[in-house]
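Hi there,

Here is the structure I promised to send over. Have a look first, and then read on for my notes.

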Amino acid sequence: MKIDRLSCFFFLFFTCVISLLPGVSSALAQTRPSIEQVNIEKKLIEGKKFAMLGDWEKAESIFKAILSEDVQNSVANYELSRTLAASGKLADALAYIRKAIRLEPDNEWYLLMEADIHEKNNDLFSSMGIYDQLIQLRPDRAHYYEML
């Protein structure tokens, strides 16, 4: 398909006109994250970087710092749980993943993390309960039936 210059001009022209409309520009301004949200996202990325490098202590301290600013941050609770589980602190990891699940009860990743921690603790009965919950949440996932 060949696109001529006139079509490109009209596309760009109408895109600019639409973006200048008062309703569109105010809607775009409302979706911008706050400075605090951006800073927390930067810290999450930094914490994940240290976790990927295996520096569990540094990752743990970053995720805890995020939670001291925003205790309702489910992602920081989840990432801290992953970090603690990787460093062998399973009891603490379980506490943080449960906080994340309280904030987002239908998040499959959080539920899978809790099931994984229970398996590492040889608490298969609790792990089975989580997989049963996952099956109720997503009956289309055959993997959950297999894990149960």
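How do the axes of helix 6 and helix 7 cross, and within what distance do they come? Please keep in mind that this is a predicted model. In it, the two axes come within 9 Å and cross at roughly 160°. An angle over 145 degrees counts as roughly antiparallel, so helix 6 is roughly antiparallel to helix 7. The crossing of this pair is left-handed. On the helix 6 side, the residues that meet helix 7 are Leu90, Ala93, Leu94, Ile97, Arg98, Ala100 and Ile101. Their partners in helix 7 are Tyr110, Leu111, Met113, Glu114, Ile117, His118 and Lys120. Sorted by class, this contact has 10 nonpolar, 1 polar and 3 charged residues.

Now for the chain as a whole. Its secondary structure comes to 9 helices and 0 strands, and along the sequence the pattern reads α-α-α-α-α-α-α-α-α. The chain has 148 residues, of which 30% are buried.

Let me go back one step, to helix 5 and helix 6. These two pack at an angle of about 160°, and their axes are 8 Å apart. Helix 5 and helix 6 are therefore roughly antiparallel to each other, and helix 5 passes helix 6 in a left-handed crossing. Helix 5 brings Ser74, Asn77, Tyr78, Leu80, Ser81, Leu84 and Ala85 to the contact. Helix 6 brings Leu90, Asp92, Ala93, Tyr96, Ile97, Lys99, Ala100 and Leu103. The class count here is 10 nonpolar, 3 polar and 2 charged residues.

One residue of that contact deserves a look of its own. Leaving aside neighbours within four places in sequence, Asn77 is in contact with Leu67, Val71, Tyr96, Lys99, Ala100 and Leu103.

Next come helix 7 (residues 108–120) and helix 8 (residues 124–137), whose axes come within 7 Å and cross at roughly 160°. This pair is therefore roughly antiparallel as well, and helix 7 passes helix 8 in a left-handed crossing. From helix 7, the contact takes Glu108, Leu111, Leu112, Glu114, Ala115, His118 and Glu119. From helix 8, the contact takes Leu124, Ser126, Ser127, Ile130, Tyr131, Gln133, Leu134 and Leu137. By class, there are 8 nonpolar, 4 polar and 3 charged residues in this contact.

The loop between helix 7 and helix 8 holds Asn122. Most residues other than glycine have a negative phi. Asn122 is not a glycine, and yet its phi is positive, at about 60°. Asn122 is also exposed, with a relative accessible area of 67%.

Which residues touch the most other members of the largest nonpolar core? They are Ile66, Ile97 and Ile117, in a core of 31 residues. The elements that give two or more residues to this core are helix 3 (35–52), helix 4 (56–69), helix 5 (74–86), helix 6 (90–103), helix 7 and helix 8. Helix 6 gives the largest share, 7 residues. As for Ile66, its contacts are Ile40, Lys43, Leu44, Asn73 and Ala76, not counting residues up to four places away in sequence.

Arg102 is in helix 6 and is exposed, with a relative accessible area of 60%. Arg102 and Ser74 are 28 residues apart in sequence, and their C-alpha atoms are 8.5 Å apart in space. Lys58, in helix 4, is partly exposed, with a relative accessible area of 36%. Between Lys58 and Thr83 there is a C-alpha to C-alpha distance of 9.9 Å, and the two are 25 residues apart in sequence.

Best wishes

Definitions and conventions: Residues are numbered from 1 along each chain as its sequence is written. This is a predicted model: local features need pLDDT of at least 70, side-chain atom pairs count only at pLDDT 80 or more; totals for chains, interfaces and linings use all residues. Side-chain values use heavy atoms; hydrogens and water are left out. Axes are lines fitted to C-alpha atoms, for helices over the stretch in contact, and angles run from 0 to 180 degrees between N-to-C directions. Helices (H or I, at least four residues) and strands (E, at least two) are DSSP runs, numbered from the N terminus. Angles under 35 degrees count as roughly parallel, over 145 as roughly antiparallel, 65 to 115 as roughly perpendicular and the rest as oblique. A crossing is left-handed if the near helix is turned anticlockwise from the far one by less than a right angle, and right-handed if clockwise. Contact means heavy atoms within 4.5 Å. Ala, Val, Leu, Ile, Met, Phe, Trp, Tyr, Cys and Pro count as nonpolar, Asp, Glu, Lys and Arg as charged, and the others, Gly among them, as polar. A nonpolar core is a set of buried Ala, Val, Leu, Ile, Met, Phe, Trp, Tyr and Cys residues joined through side-chain atoms within 4.5 Å. Buried means under 20% relative accessible area, exposed over 50%, partly exposed in between (1.4 Å probe, protein chains only).
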